[in-house]
Every structure is written in structure tokens, then in C-alpha cells.
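Have the model open and follow along.

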Amino acid sequence: MKRLHLHDTLSRNRCEIFPEDGEKFRFYCCGPTVYGPAHIGNFRAFLVQDLFRRVIELSGIKTLHVRNITDVDDKTIREAQKSELSLVEFTAGWTERFHQDAKQLNMLDPHIEPSAVQHIPEQIQLIEKLIDNGNAYPSEDGSVYFSVKSYSNYGKLTRIDQRDLMAGAGETANDADEYEKDHVCDFVLWKARKPEDGDNYWDSPWGSGRPGWHLECSAMGMKYLGETFDLHAGGVDLCFPHHENEIAQSEASTGKKFALHWFHNEHLMVDGSKMSKSLGNLHTLEDIHDRGFSAAELRYSLLSGSYRTKINFSFDRMNEARINLKRIANLVQNLGADLPSYEELCERATFESMNLGSFESSWDALLEDLNAPAALGELFVAIKPLEKELAEGNVPEDTKKANLHGLALLVHAFGWVLPELESEQSSLDVPDHVKDLAERRWIAKQEKDWAESDRLRDAVIGEGWVIKDSKDGYELEPS
Ligand SMILES: [Zn+2]
């Protein structure tokens with residue numbers, strides 16, 4: 001099979017994706033910070049990473065995918081304190097919600113999902129190493145900072161001007177988890193305990209406190225993937241300071257290259273604007289359902305643009321997703337057989353080169369830097385004549401088979417969940433126990449019992465039905 005070529009943020013070149021160890025492609029994705037529901041901008045990043053992994057695996061390469069859970073940082077502690085739950089209880093609830101949303105969006109589970117709180121000793125060890133190497137220093141209050149001046153490659157990912165760097169380094173130290181690019185500064189590895197942290201602190205050689213946010217990804221990435229691994233991914237907003245700091249603390253501790261390649265996706269815009277709390281456009285999956293759309297339609301929509309450009313989300317565009325998914329489902333039905341499974345295709349790709357029928361150019365477009373708009377363009381160009389020939393009954397069986405194969409590759413790469421095409425009559429025949437679940441879910445929702453409402457919605461999905469909410473009611477449709 002042909003291999004994926006991807007734009008590497010670090011080298012600024014397009015590189016071929018293959019496992020350095022010849023066995024598994026090892027990659028790390030910065031995961032969710034679990035202090036509230038993830039919004040569609042967060043999901044754009046995770047879905048792009050899911051597309052990336054699927055394309056690699058469908059090319060016959062095995063992967064080792066690590067995605068962390070950030071369950072201790074400035075935000076999780078602040079919100080847990082407000083909720084009056086312990087940090088562990090608070091973050092466990094939001095982690096569960098993230099998992100439910102990820103499942104509905106048909107995201108593959110990472111092979112390993114470590115959390116920061118579960119890796120405090122590893123983070124302390126990393127700090128000790130950095131102090132021994134002369135790259136970190138304890139401050140008077142019991143915090144520990146990374147000395148940016150001590151690491152000459154600082155800024156190589158975002159190409160920070162060395163003059164700016166030298167002007168800022170060593171003069172300012174910052175203990176916030178997030179800060180702007182024009183504040184290049186010594187960043188915090190260990191934060192001394194503060195009164196507002198409440199009970200959320202751990203013992204360390206420098207006194208009680210907690211790790212700084214940037215440290216966890218270095219410690220957990222190297223623990224599970226090795227000191228050097230194939231690729232590191234995240235949203236473009238994480239380039240600075242998060243990824244720059246990850247590189248500095250990892251490479252200063254080992255003297256080896258950290259991630260060989262870096263993969264960043266652009267922001268999502270909503271109705272032409274940046275996403276922000278004040279504009280009220282941080283839509284969650286719950287909002288998408290409330291507007292009558294499904295997770296499958298959201299997934300289609302968020303993956304329809306190039307990951308390297310900003311894309312605009314609007315509810316109008318969700319209708320296009322619905323129409324396109326139905327059209328693809330129709331074609332699969334007319335090709336007259338079930339799609340081969342994801343696992344089957346990955347397995348076959350390891351051994352065979354496949355005839356992809358009319359869909360070869362669409363797959364090729366995906367292999368060129370995950371060019372989704374080009375792949376979708378090629379797909380619909382291929383679909384049109386095929387639909388006509390199928391309607392006329394002119395397609396030989398082996399051509400049908402190749403097309404089914406090609407189409408399956410794209411359906412699984414994009415992770416599309418195709419709608420069931422049933423007659424209007426049978427879609428109305430909702431079994432009584434499903435009606436009952438849906439009714440109880442509606443009541444839970446009115447009472448704002450979100451956990452129960454989510455649980456019942458999932459139960460309905462488990463029965464093969466989807467609840468489409470409207471302003472003052474809901475409808476059931478086959479999923
Ligand atoms: Zn990270």
C-alpha cells in the first residue's frame with residue numbers, strides 16, 4: 001500500500017509517515033482538560049487525529065496511540081473548588097462525559113490513556129533530572145522553574161527569534177499554565193502549594209505542591225512511547241508555549257530528540273467568528289443533538305475541510321453532511337453487499353495491494369497530507385457515473401466489488417457512520433421499550449438531570465434509534 005505524506009510542523013516539510021522502529025507508529029496526542037464538556041473546536045482536533053490514525057492503519061501500518069487526560073491544572077482545580085467536589089470526583093465525571101461523546105463520534109480509543117494525577121512520581125523524577133542537568137532551579141517559595149537560557153534550542157518549533165528569547169530569559173519567571181508568545185520566560189515545572197489549591201497538593205523534594213501543566217505530556221509521552229517517538233499531535237494553539245516547553249524539558253533531560261515529527265490542526269470558526277464563551281458559540285455535542293443533528297453528521301462536517309486551514313462550522317452546513325451521508329449509504333446499498341469491516345481492511349492492507357475501483361484518486365488525495373476537500377471532491381466525481389450505471393444495471397460483479405472496497409476504505413478512513421435506509425413505514429414502528437426509554441430521557445432532560453438524560457440517550461442509541469430533539473419535543477429515528 002502507498003503511504004501517507006504529512007506536513008511536519010517542525011521541519012516545515014512534507015514527510016513520509018512510517019514507524020521508525022519498523023513495527024508500530026508511535027504517536028502522542030495532547031488530550032482533553034476535563035473541567036467541563038468538550039466543545040466542537042476541541043473535537044475538531046481529536047477527529048483530525050482520528051482520521052490520521054485511521055489512514056495510517058488502513059495503509060497496513062500498526063500504531064501505538066497515547067492520548068492523555070489532563071486532570072490537574074489551574075482550570076481543573078479552580079472549577080473543582082467551585083463545584084465542592086474533590087478534584088478526583090470532579091474530573092472523573094467530565095472524563096466519563098468525554099468518553100461518551102468520543103464514542104458517539106465514532107473515535108477509536110487510544111491504546112493508552114494516562115492521566116496527570118496518576119503520574120506524579122514520573123513528573124517529579126523528570127524535574128530531578130532537569131535540576132541535575134542544570135536546566136532547572138528551585139525558587140525560594142518551593143516552586144521549580146525550567147531555565148530557558150540553559151537550553152539553546154528553545155523555540156525551534158515556533159521559530160522564536162533568538163534575540164527575543166535572550167532578552168526575556170532568566171529575567172522573568174511565570175507560574176501560570178498558559179501565557180502569550182511575547183512573554184517568553186522561565187516556565188514552572190513544580191508549583192508550590194497555594195491556599196487556593198485547597199487539598200490538591202502532593203509531596204515533593206521541594207515541598208508540597210503540584211506539577212506545572214506542560215510537564216505531564218513529556219513524562220507520560222516518554223514513559224509509554226520511549227524517549228524518542230514518531231509523532232506528537234495537538235491543536236495549533238498548543239504550539240506555544242505547551243509544545244515548545246515539552247520539547248525543551250524532554251530533550252534537555254535525555255539529550256535525545258523528543259518527537260520526530262509534529263502535527264497541528266487549525267482552529268474551528270463558528271458562523272464566521274472565533275469560538276469564545278462570550279459569543280456563546282462553544283457548542284457541545286449536546287447542543288448539536290438539541291438542534292436535531294447527529295454525532296455522525298457533526299463528524300462528517302468537522303472532517304470535510306483541510307486540517308491545515310480554519311474551517312467554518314454552521315448549522316446550515318450540517319444539512320449538507322446529512323444529504324451526503326445518505327447519498328453514500330444509498331450507493332453502498334446499491335452496490336449490493338455489506339462493507340468490509342475496518343479490521344478486515346487494515347489486515348488486508350498489510351498483505352495486498354487493493355483494487356479500489358473508481359475511488360483510487362479519492363484515497364490518493366487523503367494520502368497527500370490528509371487532503372479531505374480533495375478526497376471528497378474526487379469521491380463525488382466518482383459517485384455520479386456509478387449511480388447512473390448501477391441504476392441501468394450495467395455494472396459487472398468484479399467492478400462492483402472493487403468499488404465497494406474503495407468506498408469502504410474511505411468510509412472507514414473518515415469514520416462515517418452511515419444512516420440506515422429504511423422505508424418510512426418501518427421507521428415509524430418504534431418498539432415500546434424504546435419509546436419508554438425516550439420518554440424517560442425527555443423527562444430527565446426537562447429536569448436538567450444531564451447524567452440520567454445522557455445515560456438514557458445512550459440506551460436508546462444502543463437499541464438502534466436516535467433521538468432528534470426539537471424545541472418542544474423529540475422524534476425517534478433509526479440510527
Ligand atoms: Zn500536552
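How many of the residues of strand β8 (residues 186-192) are buried? For strand β8, 7 of its 7 residues are buried, so the strand is mostly covered; a residue is buried if 20 or more other C-beta atoms, placed from the backbone, lie within 10 Å of its own, exposed if 12 or fewer, and partly exposed in between. Before going on, a word on what you're looking at: this is a predicted model, where local features need pLDDT of at least 70, side-chain atom pairs count only at pLDDT 80 or more, and totals for chains, interfaces and linings use all residues. Residues are numbered from 1 along each chain as its sequence is written. Helices (H or I, at least four residues) and strands (E, at least two) are DSSP runs, numbered from the N terminus.

Back to β8 and its partners. Two strands pair if DSSP finds at least two bridges between them. Strand β6 (residues 144-146) pairs with β8 in the antiparallel sense over 3 bridges, and there V144 has W190 of β8 as its bridge partner. Strand β9 (residues 209-211) also runs antiparallel to β8, joined by 3 bridges, with A192 bridged to G209 in β9.

Next, look for the open sheet of 4 strands, ordered β4-β3-β10-β11 with parallel pairing. At its edges are β4 (62-67) and β11 (259-265), each pairing on one side only. Neighbouring strands here are turned by 25° against each other on average, direction ignored; axes are lines fitted to C-alpha atoms, for helices over the stretch in contact, and angles run from 0 to 180 degrees between N-to-C directions. Inside this sheet, strand β3 (residues 24-29) and strand β10 (residues 229-235) pair in the parallel sense over 3 bridges, and Y28 finds its bridge partner H232 in β10. Helix α6 (residues 213-225) packs on the sheet and touches β3, β4 and β10, its direction making about 150° with that of β4. Contact between two residues calls for C-beta atoms, placed from the backbone, within 7 Å.

There's another open sheet, of 3 strands in the order β13-β12-β14, with mixed pairing. Its edge strands, β13 (273-274) and β14 (311-313), have a single partner strand each, so one side of each is left without a neighbour in the sheet. Strand β12 (residues 268-270) runs parallel to β14, with 3 bridges between them, and M269 sits opposite N312 in β14.

Now for the helix pairs. Helix α4 (residues 120-132) and helix α7 (residues 239-254) have axes that come within 9 Å and cross at roughly 65°. That makes α4 roughly perpendicular to α7 (angles under 35 degrees count as roughly parallel, over 145 as roughly antiparallel, 65 to 115 as roughly perpendicular and the rest as oblique). L126, K129 and L130 of α4 meet Q249, A252 and S253 of α7.

Helix α9 (residues 295-302) and helix α10 (residues 315-335) pack at an angle of about 105°, their axes 9 Å apart, and are therefore roughly perpendicular to each other. On the α9 side the contact is made by A296, E297, Y300 and S301, and on the α10 side by R317, M318, A321, R322, N324 and L325.

Finally, find R97 in helix α3 (residues 87-104). Why does R97 count as buried? Because 21 other C-beta atoms lie within 10 Å of R97.
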